[in-house]
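Good morning, colleagues. I would ask you to look at the model on the screen while I describe its sheet, selected helices and loops, and the surroundings of the ligand.

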Amino acid sequence: MRSGVDSSHIVVLNGADEGVARDAAAEGLLAGRGPLPSQPHRLPWRTLVVVPTYNEKENLAALVRAIHAYLECDVLIVDDGSPDGTGEIADRLAANDPRVHVLHRQGKQGLGTAYIAGFRFAMERGYERVCEMDADFSHAPWDLPRLVAASADAELVIGSRYVKGGCTVGWDFKRRLLSRGANLYARFWLRTAVRDNTAGYRCFWVDALRRLDLAAVAAHGYAFQIEMAFRIKRAGLRVREIPIHFIDRQVGKSKMDGKVAREALLLVPRLRGRVRRNTGA
Ligand SMILES: Nc1nc2c(ncn2[C@@H]2O[C@H](COP(=O)(O)OP(=O)(O)OP(=O)(O)O)[C@@H](O)[C@H]2O)c(=O)[nH]1
Ligand SMILES: [Mg+2]
């Protein structure tokens, strides 16, 4: 690890006996599943973790299992008609576990609209926290309890690669440059103190989302993350960044493309004019 502590070596006790917790963690690490807690963490809020998927058949079942090993929560899979059959895997998971839900959408409609659909699901069903998480294990499941716990005093928590202790693992120079460049660009245009504006590992208060005008959110691709952080800030709400180690995907294909980058380039300079102060709408 290039900087800071590797979160896969943090054992959260959460009321558990230290010896038991350490043994469970060591067993999980040995099995390549991170430091498993002896039991999933239970936090005071009803939490929904939204996982958008497009062709993630190798990752999805293992990811949902890992999420539930670390945190007591519900999971919503938003699948855009993946040609590889991810949607059927999602249905099978939901049929076997009442904590798993699935939304099927027709064709690839972008990450932004998938998350908005997830947010609406959370609002309608009385969840108090809603998380965003990639399906490809780039976002370590063992960071999830830390992410949600940090939301005690911030309406938006971002798992950040660009605060002290955070980093990316396994990205080539080009990908690192693109991500850093996008963040510099966003910080320049939006004058924001948020260091990782494009990060997709997040926890929102559902009540904070209710205060925003979600129908006005313009971005579909990665600019969605920049826009949401900006809208939360503009609404006068608190954003907190906690360090994470972002791990490059091990299996499956990237969906990053030029269209997504172009959208961010064009949209970000216009955001300050579009989003009203104090309301975020
Ligand atoms: N529902 C839905 N999910 C999507 C869409 N595009 C990407 N995803 C999912 O969003 C998450 C992030 O996409 P990734 O392809 O991992 O994007 P990335 O992390 O920038 O790129 P790599 O990690 O390099 O693959 C993954 O879980 C994808 O399956 C989409 O249009 N619809
Ligand atoms: Mg990814």
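The open sheet has seven strands in the order β3-β2-β1-β4-β7-β5-β8, and the pairing is mixed. Strands β3 (100-104) and β8 (239-243) stand at the edges with a single partner strand each, so one side of each has no neighbour in the sheet. From one strand to the next, the twist averages 20 degrees. A word on terms: strands (E, at least two residues) and helices (H or I, at least four residues) are DSSP runs numbered from the N terminus. Two strands pair if DSSP finds at least two bridges between them. Axes are lines fitted to C-alpha atoms, for helices over the stretch in contact, and angles run from 0 to 180 degrees between N-to-C directions.

Please note that this is a predicted model, in which local features need pLDDT of at least 70, side-chain atom pairs count only at pLDDT 80 or more, and totals for chains, interfaces and linings use all residues. Residues are numbered from 1 along each chain as its sequence is written, while chains are lettered from A and ligands numbered from 1 in the order in which they are written.

Let us turn to individual strands. β1 and β4 (residues 129-132) run parallel and are joined by four bridges; Leu 48 has Val 130 in β4 as its bridge partner. β5 (residues 156-160) is largely enclosed by the rest of the structure, because five of its five residues are buried. Here, buried means that 20 or more other C-beta atoms lie within 10 Å of the residue's own, exposed means 12 or fewer, and partly exposed lies in between, with C-beta atoms placed from the backbone. Leu 156, Ile 158 and Ser 160 are buried on one side of β5, and Val 157 and Gly 159 on the other. How does β5 pair with β7, and over how many bridges? The two are antiparallel, over three bridges, with Val 157 opposite Cys 203 in β7. With β8, the pairing of β5 is parallel, over five bridges, and Leu 156 has Val 239 as its partner there.

Next, the helices. α4 lies across β1, β2, β3 and β4, at about 155 degrees to β1. In α3 (residues 86-96), the buried residues are Thr 86, Gly 87, Ile 89, Ala 90 and Leu 93. They are on the same side of α3, because they cover an arc of only 160 degrees around the axis, the arc being that of the directions from the helix axis to the C-beta atoms. These buried residues pack against β1, α2 (60-70), β2 and β3, where contact means C-beta atoms, placed from the backbone, within 7 Å. On the other side of α3, Ala 95 and Asn 96 are exposed.

Two loop residues deserve mention. Phe 137, in the loop between β4 and α5 (144-149), is not a glycine, yet has a positive phi of about 70 degrees. Phe 137 is buried, with 21 other C-beta atoms within 10 Å. Arg 191, in the loop between α6 (173-190) and β7 (202-205), has a positive phi near 50 degrees. Is Arg 191 buried or exposed? Arg 191 counts as exposed, with 9 C-beta neighbours inside 10 Å.

Finally, the ligand. Of the 20 residues around ligand 1, Pro 52, Ala 114, Ala 135, Ser 254 and Lys 255 come nearest; a residue is near if its C-beta atom, placed from the backbone, lies within 6 Å. β1 (47-53), β2 (74-79) and α4 (111-124) each supply at least two residues of this shell.

Key:
Two residues are in contact if their C-beta atoms, placed from the backbone, lie within 7 Å.
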